[in-house]
Amino acid sequence: MGKLSDERLIYEILSVVEEIPEGRVATYGQIARLIGRERNARLIGTVLSRADYYGRYQCHRVVNHAGRLVPGWDEQAELLWREGVELKDACHVDLKRYLWDA
């Protein structure tokens with residue numbers, strides 16, 4: 001992939017992240033499906049880990065397939081709590097309750 005198509009993909013991912021409403025979460029796999037790259041959930045995580053290079057995005061609203069928060073990112077739980085998202089334990093969001101219906 002060339003630089004231009006890489007940047008296009010990055011902004012495609014970030015534009016989906018921008019659409020996640022306050023008080024909801026999406027999974028890496030869900031975002032991958034929404035951009036037509038069903039098997040690239042890890043790519044979504046990689047892009048989001050560098051999202052601050054591209055602007056301000058609500059990456060705290062993205063969790064793994066089990067609702068697990070990002071390990072080592074302690075602020076994520078606080079940011080979600082401020083939006084009304086309650087955790088079902090110390091590091092998991094209840095996806096049945098808070099998953100974004102894209």
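Residues are numbered from 1 along each chain as its sequence is written, and side-chain values use heavy atoms, with hydrogens and water left out. Because the model is predicted, local features need pLDDT of at least 70 and side-chain atom pairs count only at pLDDT 80 or more, whereas totals for chains, interfaces and linings use all residues.

The chain contains five helices and four strands. Along the sequence their pattern reads α-β-α-α-β-α-β-β-α. The radius of gyration is 13 Å, close to the 13 Å given by the globule rule for 102 residues, so the chain is as compact as a globular protein of that length. This radius is taken over C-alpha atoms, and the rule is 2.2 Å times the number of residues to the power 0.38. Along the principal axes, the C-alpha atoms fill a box of roughly 40 × 25 × 20 Å.

Of the 102 residues, 38% count as buried. Buried means under 20% relative accessible area, exposed over 50%, and partly exposed in between (1.4 Å probe, protein chains only). The chain exposes about 6,600 Å², of which carbon and sulfur atoms supply 46%. Accessible areas come from the Shrake-Rupley method with a 1.4 Å probe; for residues, only the protein chains shown count as cover.

The largest nonpolar core has 20 residues. Such a core is a set of buried Ala, Val, Leu, Ile, Met, Phe, Trp, Tyr and Cys residues joined through side-chain atoms within 4.5 Å. Ile 13, Val 17, Ile 20, Ile 31, Ile 44, Leu 48 and Val 62 touch the most other members. Helices H1, H2 (28–34) and H3 each give two or more residues to this core. H1 gives the most, with six. Beyond four places in sequence, Ile 20 contacts Val 25, Ala 26, Ile 31, Arg 61, Val 62 and Trp 100. Another core lies apart from the largest one; its eight residues include Val 25, Leu 80, Val 93 and Tyr 98.

Thr 27 lies in strand S1 (residues 26–27). It is buried, because its relative accessibility is 9%. Not counting residues up to four places away, Thr 27 touches Val 62, Val 63, Asn 64, His 65, Leu 95 and Leu 99. The C-alpha atoms of Thr 27 and Leu 99 are 8.0 Å apart, across 72 residues of sequence. Asn 64 sits in the loop between S2 and helix H4 (75–82). Asn 64 is also buried, at 13%. A polar atom of the Asn 64 side chain lies 2.9 Å from the backbone nitrogen of Ala 66.

The whole structure holds one aromatic pair. The ring centres of Tyr 11 and Tyr 54 are 5.4 Å apart and the planes meet at 85 degrees, so the pair is edge-to-face. Rings of Phe, Tyr and Trp (its six-membered ring) pair if their centres lie within 6.5 Å; planes under 30 degrees apart count as stacked, over 60 as edge-to-face and the rest as tilted. Tyr 11 belongs to helix H1 (residues 3–19) and Tyr 54 to the loop between helix H3 (41–49) and strand S2 (62–63), so the pair ties together parts 43 residues apart in sequence. Tyr 11 is partly exposed at 38% relative accessibility, as is Tyr 54 at 27%.

Notes
Contact means heavy atoms within 4.5 Å. A polar contact is a pair of N or O atoms within 3.5 Å; within protein, one must be able to donate a hydrogen and the other to accept it, and residues adjacent in sequence count only if both atoms are side-chain atoms.
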